[in-house]
Amino acid sequence: MAQSTYAIQKVAVLGSGTMGSQIAAHCVNAGLQVWLLDLKDEGGDDPNRRVKESIKKLREMNPSPLGNPGDAKHIRPGNFSDDLDIIREVDWVCEAIIEKMDIKKQMMSDIQEVRGEETIVTSNTSGLPISEISEDCSEEFRNHFLGTHFFNPPRYMKLLEVIPTEATAEEVTDYMTAFCEKTLGKGVVRCKDTPNFIANRIGIFSMASMMPYFFDGDFRAEEIDFLTGTLTGYSKAATFRTADMAGLDIIHHVANNLYPSIPDDERREVFQLPEGFDAMIEQEKYGNKSGEGFYKKVQTDSGREYKVINPDTQEYESQIDPEFESASQAKEKFETPGERLKYLVDQDDEAGRFLWDIHCDLLLYAAHRVPEITDSVESIDRAMKWGFNWELGPFERWDAIGVRESVERMREEEREVPEPVLEMLESGREQFYDWEERTVYNLATGEVETLTPPAAGAIRVAELQAKGKEVFGNGSAGLYDLGDGVALFEFRTKKQTLGFELIRSLDESCRIVKEQFDALVISHDNDNFTYGANLMEVMQAWQQGEKDRVEEAVENFQEVAVGLRYQPFPVVVAPFGRSLGGGVEFILHGDKVVAHYELYAGLVEVGVGLIPAGGGTKEMLYRVMQQVMDDDQVDPLPNIKEVFKTIGMAEVSDGAPKAREYQYLRDSDSVIMNRDLLIANAEAEARRMVEAGYQPPQKPEIKVLGKKALGSLRLMLYIMHEANYITDYDKVVAGKVAWVMSGGDLSEPQKVPEAYLLRLEREAFLELLEDERTQARIEHMLKKGKPLRN
């Protein structure tokens, strides 16, 4: 049986609850044909009422499970009684029904009756034994059966645990791993068929080990969340906010099911949760879904407030600002969570002792689970980072703290350190990971192994650095040799802001590429593409009287960003995450864009009292006018108004589909689901363009409407202002956008050179920067992180 015999295009998801409906939605996002089935509504007129209501909820959810909420219509509803035979037509059946073994086993029997040979069947169970679910089915069925455990919400959570059984054909496991990575965009971790697999086994243990510190009164919930948040490399939601999001009833259910199923687990007593937690469940304090959990959102006279539960009274009270002197020192002294964690566990104070104790629990528990739940240290770390959004996995934490010194301390405290960890230290290896050599220690075998890519075929900047592929670099940017004549330009600034030096570095990199390479890719490995221009740098220069420097920088930015289009080589921009301001102007001027599906792009300059002046305003107008350039009978003004609104309202896309709707992406641009494969796909696209004989375009002339457009756009602003939809200064700033998009107050529509509109952009930008109201907006954004409505 060859892997090429499998090709999933049609999917049937069984079960339209929270997970099933959102798995169906994500399959639609990926371009698959999807059926969603559930129990038949016996009492009503519509047998598919249950499923249709679930599909309707998908449209209303925020954040949306669908990249385009209108795509809910592509999910075809059905029911188990009338429509199960649709399984004959599909390539993959994903079962996501109630977590009861007898019901799941009956469903497998029903599926087997109608399933065609080689149709893959998976269960989305979060903890039931995978092999037991299918044990009564045929050998051929079991060969094509495995677990696919999505994390909630499926669109946004990266982790997908793939759990083969002993009967699962290796080709099926390999195919589903590749399919889930490439088509669904997931970070796949292969798990053994053990209770709650990897992420929930470690994650629920971590939560459960902290609960006594709260319910016994040692710490408040917000104090634990402060100490176990981004300060020490956990997620932004920390511990108890994560629990509220996941559902306290789910955590309670998982822990209760785990306890009897792990009789040989040396720490199984941890999963017997405190009585105070049981009391919360009895009162249906389930977290976000019920409105009450560890936190409760309440409306007060001063606005919305999140109150926190008192474990003794089970009542909610106002939060305090956590204060730990050692934590304040750690934040002040160290930039990375690993450095802060190492500092804090060495402090002999309340916070330090708490963090040391919970990390001893976590690190030793994770190490003791090898090889029970997995042979791979890497898999445990990835599961926790991808499934719980931790910044550092357990073994990365151990490395940060220092393995040898921490083990000595653990043994002094008579804690049981797993023998394989001691053997690693005895061999002379001091850490689980060697990032320079790109290796990881295998606790199961005692061997040193090469790190695996996060997805098959992924290209990571860290690997390029390790292989000495840097061609040019400084503190703001780097240029790497990807091979086959393609170079990669990387942003290195804080939050990947586009400062003066970075733009000069991109200009220099383009010169190098022209001499030494055939194509350029712009992307990197960070969480977001860019937050836009370095506003602090601009403001400091302006306030220090260096206005000539700022004017030169604005012109340089235009020349470099717009100039990407006219380089003698193809430029492929590969954006992802937040891509704001000047980042969108890079996107707009790339010859080709290969974007991640989760692209949050926006020309947001008006929020700080400026306009897009790196060619963004010009390019958005050009895209509108291109659509009608061959038809003089079509009035472009309605489309101009739409683009004007997009810029004027600082619209940010909530994914690539909306970015295309806003015209930040063209129909010819590509969208891929897996963030880790972005650079590899962009490189392949660049090579295709070179092989096709790439030639840069000519600089265009762009038709502008002059007074006709200007009057219409100003009328829009007047109406919005009179309705109190925009402020006085919003009207001024958006008026500058209108001026540029109209080509000024020209008396007649006419074609103008691109340079004409770029000059109008620069003039408007600098005039606004001179205004005290813009300066106030910029200062407010830098201090508060949100726009000032002045």
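Arg789 is exposed, with a relative accessible area of 52%, where exposed means over 50% relative accessible area, buried under 20%, and partly exposed in between (1.4 Å probe, protein chains only). The model is predicted, so local features need pLDDT of at least 70 and side-chain atom pairs count only at pLDDT 80 or more, while totals for chains, interfaces and linings use all residues. Residues are numbered from 1 along each chain as its sequence is written, and side-chain values use heavy atoms, with hydrogens and water left out.

Arg789 forms a salt bridge with Asp730, with 2.7 Å between the closest N and O atoms; a salt bridge is a side-chain nitrogen of Lys or Arg within 4 Å of a carboxyl oxygen of Asp or Glu. This pair links distant parts of the chain, 59 residues apart: Arg789 belongs to the segment after helix H32 (772–784), and Asp730 to helix H30 (residues 728–742). Helices (H or I, at least four residues) and strands (E, at least two) are DSSP runs, numbered from the N terminus. In contrast to the exposed Arg789, Asp730 counts as buried, at 15% relative accessibility.

The whole structure holds 57 salt bridges. One of them pairs Glu661 with Lys658, at 3.5 Å from N to O. These two residues lie three apart in helix H27 (residues 656–661) and are therefore separated by about one helical turn. An α-helix has 3.6 residues a turn, so residues three or four places apart point the same way. Glu661 counts as exposed at 52% relative accessibility, whereas Lys658 is partly exposed at 24%. A further salt bridge joins Lys618 and Glu619, whose closest N and O atoms are 2.9 Å apart. Both Lys618 and Glu619 are buried.

Helix packing can be followed next. Two packed helices are described by the angle between their axes and the distance between the axes. Here the axes are lines fitted to C-alpha atoms, for helices over the stretch in contact, and angles run from 0 to 180 degrees between N-to-C directions. The axes of helix H23 (residues 547–563) and helix H31 (residues 754–770) cross at roughly 145° and come within 11 Å. The crossing of H23 and H31 is right-handed; a crossing is right-handed if the near helix is turned clockwise from the far one by less than a right angle, and left-handed if anticlockwise. On the H23 side, the residues in contact (heavy atoms within 4.5 Å) include Lys547, Val550 and Val562, and on the H31 side they include Glu754, Phe765 and Glu770. By class, the contact of H23 with H31 comprises seven nonpolar, one polar and seven charged residues. In this classification Ala, Val, Leu, Ile, Met, Phe, Trp, Tyr, Cys and Pro count as nonpolar, Asp, Glu, Lys and Arg as charged, and the others, Gly among them, as polar.

H14 and helix H17 (residues 394–401) form another pair, with axes that come within 8 Å and cross at roughly 65°. H14 also passes H17 in a right-handed crossing. Gly338, Leu341, Lys342 and Val345 of H14 meet Arg397, Ala400 and Ile401 of H17. These residues divide into four nonpolar, one polar and two charged.

H14 is also a neighbour of helix H13, whose buried residues pack against helix H9 (221–227), helix H14 (337–345) and helix H15 (350–368). The buried residues of helix H13 (residues 325–333) are Ser326, Ala327 and Ala330. They lie on the same side of H13 because they cover an arc of only 100° around the axis, the arc being that of the directions from the helix axis to the C-beta atoms. The exposed residues Glu325, Lys331 and Glu332 are carried by the face of H13 turned away from its buried side.

The backbone itself deserves a final look. Most residues other than glycine have a negative phi, and most peptide bonds are trans. Asn62 and Pro63 are joined by a cis peptide bond with omega of about 5°, and Pro63 lies in the loop between helix H2 (49–60) and strand E3 (75–79). A cis peptide bond also joins Asn152 and Pro153, with omega of about 0°; Pro153 is in the loop between strand E6 (145–150) and strand E7 (159–164). Phe197, although not a glycine, has a positive phi of about 60°. Phe197 is buried, with a relative accessible area of 0%.
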